Amino acid sequence: MSRREQILAALAAVLAGQLAAPVRRNEVLPEKVPAAGLVIMRDGEPGEPDITLNPRTEFYAHRVELEVYVPRDPSGGGESALDQLLGAIGTALRVDETLGGLAENLTPSAPETGALALDGAPPMLTARIIVTIEYLVSDPLTA
C-alpha cells in the first residue's frame, strides 16, 4: 500500500473511531442524513511536491476535504448539532496529528458552512473542512 493510501486510510479510521456520526470515504451526496450527522471524506489533491535530492525526497501537503452534514430540524435549527460535530472532528484530528508516524503534520481549516436542500430530501446543514496532511515520500507511486 502506498504512503498516500496508508495516510488516507489512517485518517478515515481515526475519524470513524472518534465520531458518533458515520464516516464515509468518497461517497455520493446523501439524500438522507442520520440524526447523528454524516462525514464524507474526499481523498483530495496531493498537489505539487517540494523535492529535495540526495536522497530524493518529495514533501507533499495533501489537501483532503471533509464534507459534514447534519439534518436541519423542522423548526429551522440544527446549527448547534453542526457545531458539536465540527468540535468532535477537531478533537479527533488532535488525537494523533502524525497518524501513527505516517505524516509530519495535520492542519484543519476553518469550516465553510451552509444549508442544502435536495429535491425530495429533507433540508440539511453542511460544512466543508480542508485538512492538509504533510508527508514525505521517496516515490509518490509506491512509497
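These legends walk you through several close-up views of a predicted model. Residues are numbered from 1 along each chain as its sequence is written, and side-chain values use heavy atoms, leaving out hydrogens and water. Because this is a predicted model, local features need pLDDT of at least 70 and side-chain atom pairs count only at pLDDT 80 or more, while totals for chains, interfaces and linings use all residues.

**View 1. Glutamate 67 and arginine 42 form a salt bridge.**
A salt bridge here is a side-chain nitrogen of Lys or Arg within 4 Å of a carboxyl oxygen of Asp or Glu, and the structure holds seven of them. In this one, the closest N and O atoms are 2.9 Å apart. Glutamate 67 sits in strand 4 (residues 57-71) and arginine 42 in strand 2 (residues 38-45), so the pair ties together parts that are 25 residues apart in sequence. Helices (H or I, at least four residues) and strands (E, at least two) are DSSP runs, numbered from the N terminus. Glutamate 67 is buried at 14% relative accessible area, whereas arginine 42 is partly exposed at 21%. Buried means under 20% relative accessible area, exposed over 50%, and partly exposed in between (1.4 Å probe, protein chains only).

**View 2. Arginine 128 reaches glutamate 65 in another salt bridge.**
Here the N to O distance is 3.1 Å. The pair links distant parts of the chain, with arginine 128 in strand 7 (residues 124-137) and glutamate 65 in strand 4, 63 residues apart. Arginine 128 is partly exposed, at 31% relative accessibility. Elsewhere, Glu5, Arg25 and Asp43 are linked in a network of salt bridges.

**View 3. Arginine 56 lies in the loop between strand 3 (50-52) and strand 4.**
Its side chain meets that of glutamate 58 in a salt bridge of 2.6 Å, N to O. Glutamate 58 is buried at 5% relative accessibility, while arginine 56 is partly exposed at 42%. Setting aside residues up to four places away in sequence, arginine 56 touches Ile51, Val137 and Ser138; contact means heavy atoms within 4.5 Å. The C-alpha atoms of arginine 56 and valine 137 are separated by 8.6 Å, although these residues are 81 apart along the chain.

**View 4. Tyrosine 60 and tyrosine 135 make a stacked aromatic pair.**
Rings of Phe, Tyr and Trp (its six-membered ring) pair if their centres lie within 6.5 Å; planes under 30 degrees apart count as stacked, over 60 as edge-to-face and the rest as tilted. These two rings have centres 5.6 Å apart and planes at 20°, so the pair is stacked. Tyrosine 60 belongs to strand 4 and tyrosine 135 to strand 7, 75 residues apart. Both tyrosine 60 and tyrosine 135 are buried.

**View 5. The largest nonpolar core has 34 residues.**
A nonpolar core is a set of buried Ala, Val, Leu, Ile, Met, Phe, Trp, Tyr and Cys residues joined through side-chain atoms within 4.5 Å. Leu15, Val68, Ile89 and Ile133 touch the most other members. Helix 1 (3-18), strand 2, strand 4, helix 2 (79-95) and strand 7 each give two or more residues to this core. Apart from it lies another core, of five residues, among them Val33, Ile40, Tyr69 and Met124.

**View 6. Threonine 132 is found in strand 7.**
This residue is buried, at 19% relative accessibility. Beyond residues up to four places away in sequence, the contacts of threonine 132 include Ala61, His62 and Asn105.
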